[in-house]
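Please read the following report with the sequence and the structure side by side, and find each named part as it comes up.

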Amino acid sequence: MRTVGQTATTGTALGPLKQIDAGVLNVGYVEAGLSGGPTVILLHGWPYDIHSYVDVIPLLTSAGYHVIVPYLRGYGTTTFLSNETFRNGQPSALALDAIALMDALRIDSAILAGFDWGARTADIVAALWPQRCRALVSVSGYLIGSQDANKKPLPPAAELQWWYQYYFATERGGLGYRQYTRDFNTLIWQLASPKWQFDDATFDRTAASFDNPDHVNIVIHNYRWRLGLAQGESQYDELEQRLAKGPVITVPTITLEGDANGAFHPPASAYAGKFSGKYEHRAIRGGIGHNLPQEAPQAFAQAILDVDRMSKE
């Protein structure tokens, strides 16, 4: 069995950014490794960016993988092709961004891996377009939801973990996030990964991606849409209806969870039944928080190698 190396050079520089038109976006992305190797697409979350994978990428390329790491809509150098396009943060829209990028890069099928928004996006692609997803690595498991599901209240302690969602639902919250974006996201990093001792340089490297002119609008729309407080776009209605039924994911999957994840996350037992193919869950120990790929790159990369092996068995 292949294993990743035992060390990674923290702070390894990402390769040069590339740009490509894909769907409604011009996507900024990093490409690494040999194009002939099996393709892995790594998807980041909020409020993070492609640097969450800075130490995962060399581990994968050294094992022979072709790695693509795109900025999501509203981050970094990913921009909309038209000023007229609605700045939509719907989950199905982000999933179609991933499909459009694969089409633009002529990638028929890939291993998809992610956390936070990236995990949700990967889950949706795996559920709705399994032919495009050879295998899946998803931090915090099955994150597909719906507006109807979000109408159901959670126990108070769980609701407290979603405090920012309610803040963003207000006009004050939207203005506050725009005015204090970096301060706000520093706080999220601290709360979501309470044992991760990141330095200013590490945060600043990622925070540059929040300067994207569409960042605030995408983030605010995403969280308001989830609560049914913002309209989506009709072209996504059919997809959202399918997602609301909680489709089962059939592709080989490994789910991961850090032992110090300060963000809301369901227990693994709550979603294990949503994976009907080859499946494994791993608890990653050592004070690992929400940004699991950056905090535990070896464990994340190893899951990709192992789920690839599972897909061939």
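The buried residues of helix H8 pack against helix H7 (181–192) and helix H12 (292–295), where helices (H or I, at least four residues) and strands (E, at least two) are DSSP runs numbered from the N terminus. Those buried residues of H8 are Thr-202, Phe-203, Thr-206 and Ala-207, and buried here means under 20% relative accessible area, exposed over 50%, and partly exposed in between (1.4 Å probe, protein chains only). Seen down the axis of H8, they fall within an arc of 130°, so they line one face of the helix; the arc is that of the directions from the helix axis to the C-beta atoms. The face of H8 turned away from this buried side carries the exposed residues Asp-200 and Ala-201. An α-helix has 3.6 residues a turn, so residues three or four places apart point the same way.

This is a predicted model, in which local features need pLDDT of at least 70 and side-chain atom pairs count only at pLDDT 80 or more, while totals for chains, interfaces and linings use all residues. Residues are numbered from 1 along each chain as its sequence is written, and side-chain values use heavy atoms, with hydrogens and water left out. The protein chain averages a pLDDT of 95, and 96% of the residues score at least 70, pLDDT being the predictor's confidence in each residue, from 0 to 100. Over residues 6–11, however, pLDDT stays under 50. Where pLDDT is low, the predicted coordinates should not be read in detail.

The loop between helix H8 (200–207) and H9 holds Asn-212, which is buried, with a relative accessible area of 6%. Leaving aside neighbours within four places in sequence, Asn-212 is in contact (heavy atoms within 4.5 Å) with Gly-74, Tyr-75, Gly-76, Thr-78 and Thr-79. Asn-212 and Ala-268 are 56 residues apart in sequence and 34 Å apart in space, C-alpha to C-alpha.

Which residues of helix H10 (residues 237–244) are buried? They are Leu-239, Glu-240 and Leu-243. Seen down the axis of H10, these residues fall within an arc of 95°, so they line one face of the helix. They pack against helix H2 (91–104), helix H3 (117–128) and helix H9 (215–226). After H10 comes Gly-246, whose phi is positive, near 65°.

Turning to the strands, seven of the eight residues of strand S2 (residues 25–32) are buried, so S2 is largely enclosed by the rest of the structure. Two strands pair if DSSP finds at least two bridges between them, and the table lists the pairings of S2.

| Partner of S2 | Sense | Bridges |
|---|---|---|
| S1 (residues 17–22) | antiparallel | six bridges |
| S4 (residues 66–70) | antiparallel | four bridges |
| S5 (residues 79–80) | antiparallel | two bridges |

Within these pairings, Gln-19 has Gly-28 in S2 as its bridge partner, Glu-31 stands opposite Ile-68 in S4, and Leu-25 stands opposite Phe-80 in S5. S1 and S2 form a hairpin with two residues between them, and Gly-23 in the turn has a positive phi of about 65°.

The largest nonpolar core has 95 residues, and those with the most contacts inside it are Leu-42, Trp-46, Leu-60 and Phe-300; such a core is a set of buried Ala, Val, Leu, Ile, Met, Phe, Trp, Tyr and Cys residues joined through side-chain atoms within 4.5 Å. Beyond its neighbours within four places in sequence, Trp-46 is in contact with residues including Tyr-75, Trp-117, Phe-168 and His-215.
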